[in-house]
Structures are given as C-alpha cells and as structure tokens.
Amino acid sequence: MPLTQLESPTHMLREILSQPECWSECIRQLENDAVLHEIAANVPADSEWLFVGCGTSYYLALSAAASFSVITGTPAQAVPASEVLLFPHIALAGRRRIVPVLISRSGRTTEVVKARDYLERERGIPTIAITCAADQSLAQTSHFPIVLSAAEEQSTVMTRSFSSMLLGLQYLAATLTENADFKQALKHLPRAAEPLFRDIPPRLRDFVERHDFDNYAFLGHGPFYGIACEAALKVMESSCSYAQSFHSLEFRHGPKSIVSAKTLVGFFLSDAGYAAEVDLLEEIKSLGAITFVVTPRVDSRVRARADFLVEVPMDGPECSRLAGCIPWGQLLGLYTGLKKGLNPDSPRNLSQVVILNEIP
Ligand code: F1P
C-alpha cells in the first residue's frame, strides 16, 4: 500500500519529529535540576554504576553505561531489571560500591519497580531513577529521581523518551565530572540535528517504499551497540519484521550467513572503530545486502556502499552524537509498519507498560 495514502499523523511520527524541541526542553530543565547536584554530592568517586531497565529502557541502559564509562572513566554496566530479580548474585557480581540507575519511561514496569524495592530494602542501596512520569512509583520512591516530563509519550513504543533519558544520563555524567564542554555539546545537539529532521523523513519514506526486506540486522560498537539494539527493536515493534542486533564485527562470526539481497544491514559507525567498521561495510555490501548507514563522516568508501546514508555531523565528543543517531532507526520502523498496513500507535501484542501480577 503506497505510504502516501497512509501518512496519517500518528502519535509515534509526531513524537519522533518532536525530538530536537524535546531535547532542548529537557536540557533546559536539567541545567537547573537540584537532583543532579545532590547525586554529585552523595555518590563516591570510586562508584561502580549499574544501569537497569526493560525493553527499550534496557537498550538505553546499554548506551548510558557505555557513555558513563567514557565520560567519567569509572566502571559502568547495564542489566535487564529481570536479571537483578532472578540472578542478583550475577547482576550485582559482588560489586562493592554499586550505584544503581533505574530507567523507566512509565515508572510502573513491574520488574523495574521490584528491582528498586530489592536494591533499597533488601540490600540497603540508595537508587537513582530516571523516568518521564512524575506521579508514578519510581519517581515517588527512588532516592534520587530525575524526571523528564517533557519526554512523555502517547505512543505505546518509546522514541523521544529513549533519546531524552539518554541525554539526561549523559548530562548527569558531565555534571559528576564538571565537564562543561560535554554539556555544551549536548546543548548544541538539537540545533545540529534540526536539518536532518527536515531532510531525512521524505528520503527514508521513499527508500522504504522502494524496498522489501525479509530480515534486518543492526550493528554498532561501544556506545552505539545500544543504539543498534534499539533500532532493531523499533523495526520489530512497529512493523512486525524480524530484526537482530550485533556488535558490528561479531556479524562476521556466523550471523552474516543470513545476508541476501532481501536483507537490510544497518551500520551505526563510530569514530573509534571507523576503519574496521567501513571494512565490514564493504564486505557485507559485496555479499549483496542493502545497507543503511548512520555515520559521523562520509568518505568515498562509505558513499559507494551506503544504500541509505545519514551523516550525523558532530564536532563534539563522540558520545554526544548518540541521541542524534537513533531517530532514523525509529522512522525506519514506523515507515515499514505503515507500508505493511499496520498502525504504529497500536503495535501487535504490545502494551505501553508491562505490569506482572507476580514475579515468582
Ligand atoms: C519499558 C517497555 C518499553 C516497550 C513497551 C513496554 O517501558 O518495555 O520499552 O516499548 O512500551 O514497556 P518503561 O519501563 O520504560 O516504561
């Protein structure tokens, strides 16, 4: 069904396109948020950070943990909330000075709320939370709640809440390290990204219109791995398509066997891994894949192998570009779902929040 006939302004599309404005609003709030300074005053410098979430919020946790390691130089990991509940000895791994950060747009997801209860009540560990819902359990009960109400969504799936809470956690890392340059780079992101939000949507809608794919694989290293995971989830949630995510060079170690002319392979290129990732791009293109490339810069090799190309120019630190990379995966999922005649505001089998009666 031609997309143009389906272009109903869904909540999801409106929320994706609102991200630059939402980021600016969230950063303005963070600049005056006393909680960030309370955290800085109470968290020991040699802390080990543990980022905890579910679904999109777990993939956010992956990118936030990698960002924290880069910005603060301290150890940071990410785990699904269910791991804290079912395998606490593994999730906490005997860490001595854990600082848990619980991530939940709704603030109501059962596994996250129960993980907070376990950490604070059973283990006596104060928790930090970041959420979009001021009036829900997580914001009401965590020791240090960061609330970004401007990023709240009508959609079932998360888009601007993912990128805004990621920015919020990066802003916290920059506050802890008094890194004014990184904060400035985050402040600059909305204006730097604005032209992309005008140029990419019609190009990407046309690209989706012209291609049909059997399967999808999204690739990223370091802080971009969480972005790759979230892009895959958006395609699955919004278009009921089969999508996977890998650390980029891992794709050679078996998964590349799926590559055909009906495979879309998405590359989120990094500064640190650029040369190795472009070698991989060339190899996967030579196997016949259609490629979707989000990159900090374009050289002749990238231009020759990218079937869809997004350049996210950032003159700031590499991690400050992260939030500007995810909208294109979000739109890919949305447009693919619309093309399949699906309604992205009512994704099959999904609810806005997963509430469990009990976790045994
Ligand atoms: C987490 C989540 C979303 C998913 C769906 C169900 O929500 O798994 O990632 O897209 O909306 O809930 P939250 O804990 O961040 O509110």
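Where does the ligand sit? To follow the answer in the viewer, keep in mind that this is a predicted model, and begin by selecting the ligand itself, which sits in the largest pocket.

Next, select the residues around the ligand: 14 residues surround it, and the closest are S57, S104, R105, S106 and T109. If you colour this shell by residue class, it divides into three nonpolar, nine polar and two charged residues.

Now turn to individual atom pairs, starting with S57, where an N or O atom of the side chain is 2.6 Å from an oxygen atom of the ligand. Move on to S104, whose side chain likewise places an N or O atom at 2.8 Å from an oxygen atom of the ligand.

Finally, zoom out and colour the chain by domain, selecting residues 3-184 for domain 1 and residues 192-339 for domain 2. The contact between them takes 28 residues from domain 1 and 32 residues from domain 2, while the C-alpha centres of the two domains lie 24 Å apart.

Key:
Residues numbered from 1 in each chain as written. Predicted model: local features only at pLDDT ≥ 70, side-chain atom pairs only at ≥ 80, totals over all residues. Heavy atoms only, no water. Near = heavy atom within 4 Å. Polar contact = N/O pair within 3.5 Å; in protein donor to acceptor, adjacent residues only side chain to side chain. 1 Å grid on protein atoms, 1.4 Å probe; cavity = no way out; pocket = protein on both sides within 12 Å on 5 of 7 lines; lining within 4 Å. Sits in = over half its atoms within 2 Å of the grid points. Nonpolar A, V, L, I, M, F, W, Y, C, P; charged D, E, K, R; others polar. Domains from an automatic or database assignment. Contact = heavy atoms within 4.5 Å.
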